Amino acid sequence: MNNRRICAYSFIIKLVLARSYTVHATVLSLDDPNKTQHLLALDGAKERLSLFEANLTEQGSFESAANGCECVFYMTSPVIPSVSLSNPKAQFLDPAVTGTLNVLKSAAKVPSLKRVVLTSSMTAVMFRVEPWEFGAEVDETWFSDPETCEQKKVFCNLHLWYPLSKTLGEDVGVTFCKEKGLELVVINLGFVIGPLLQPTLNTTSEWVMGLIVTGKEIFPDGIYRLVDVRDANGYQAAEA
């Protein structure tokens with residue numbers, strides 16, 4: 001049996017349980033069966049999965065989940081809203097940035113911690129001031145430009161609040177981990193699709209269903225940068 005303990009979320013819980021890790025996972029509400037039952041039904045969950053209630057906007061709420069873990073996977077972030085936002089900064093940007101810092105501050109207090117794996121997005125590098133050039137090599141120096149994201153209206157028919165939130169969240173995460181000496185791995189994913197564990201559709205699945213049923217394009221340019229959730233979380237689990 002593997003006695004290493006990991007703080008993880010989502011589909012990756014299934015993968016690391018299968019590798020015999022002990023897993024701490026967070027949900028917004030322990031009383032919501034739509035958030036908990038599919039996780040508790042996973043193979044190995046009875047023996048090696050503990051669920052903790054946590055909220056991105058509440059400082060310190062991830063400390064219990066992170067305690068005793070060697071690796072923390074941070075994958076939670078506000079998703080692209082389906083309606084226009086009256087106050088994007090308060091409703092979308094602040095939770096993304098504050099949430100990242102809240103998780104990392106909790107992780108930094110854990111003596112056993114060896115690594116943090118942060119799930120970011122391709123959108124955190126796509127929207128730069130300089131135009132893309134064919135064959136350009138994208139590396140750790142590439143970030144979307146916050147001002148470009150605020151001004152342009154080219155992503156899913158909304159202002160680029162999601163790319164901006166991922167850009168700012170990744171930036172504060174990298175800065176914090178450097179200051180605290182934490183080992184950080186950042187994975188920039190495309191549009192994640194694939195089988196669901198939970199009984200309800202997530203935002204990306206709803207959009208794919210809309211494309212199938214109505215033919216409505218998800219992206220204005222009709223270009224889809226897709227990754228299967230099993231591949232995405234496989235890459236993440238490899239960093240444990």
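This section describes the confidence of a predicted model and the surroundings of selected strands, helices and residues.

The structure is a predicted model in which local features require a pLDDT of at least 70 and side-chain atom pairs count only at pLDDT 80 or more, whereas totals for chains, interfaces and linings use all residues. Residues are numbered from 1 along each chain as its sequence is written, and side-chain values use heavy atoms, with hydrogens and water left out. The mean pLDDT (the predictor's confidence in each residue, from 0 to 100) of the chain is 83, and 87% of the residues score at least 70. Helices (H or I, at least four residues) and strands (E, at least two) are DSSP runs, numbered from the N terminus. Confidence is highest in strand β3 (residues 49-53), at 95, and lowest in helix α10 (residues 229-237), at a mean of 69. Where pLDDT is low, the predicted coordinates should not be read in detail.

Strand β5 (residues 115-121) pairs with two strands (pairing requires at least two DSSP bridges between them). Strand β4 (residues 71-74) runs parallel to β5 and is joined to it by 4 bridges, with V72 bridged to V116. Strand β6 (residues 184-189) also pairs with β5 in the parallel sense, over 6 bridges, and here V116 has L184 as its bridge partner. Of the 7 residues of β5, 6 are buried (under 20% relative accessible area, with exposed over 50% and partly exposed in between; 1.4 Å probe, protein chains only).

In helix α2 (residues 33-40), the buried residues are T36, H38 and L39. Their cover includes α1 (12-18), β2 (22-27), α3 and β3. The N-terminal end of α2 is capped by D32, a side-chain oxygen of which lies 3.0 Å from the backbone nitrogen of N34.

R48 belongs to helix α3 (residues 45-48). R48 is buried but forms no salt bridge (a side-chain nitrogen of Lys or Arg within 4 Å of a carboxyl oxygen of Asp or Glu). The R48 side chain does reach the backbone oxygen of Y21, at 3.0 Å.

W132 lies in the loop between α6 (123-126) and α7 (146-151). The relative accessible area of W132 is 47%, so this residue is classed as partly exposed. Leaving aside residues up to four places away in sequence, W132 contacts V125, M126, V138 and W142 (heavy atoms within 4.5 Å).

Terms used. Lys and Arg count as positive and Asp and Glu as negative; His and the chain ends are not counted. A polar contact is a pair of N or O atoms within 3.5 Å; within protein, one must be able to donate a hydrogen and the other to accept it, and residues adjacent in sequence count only if both atoms are side-chain atoms.
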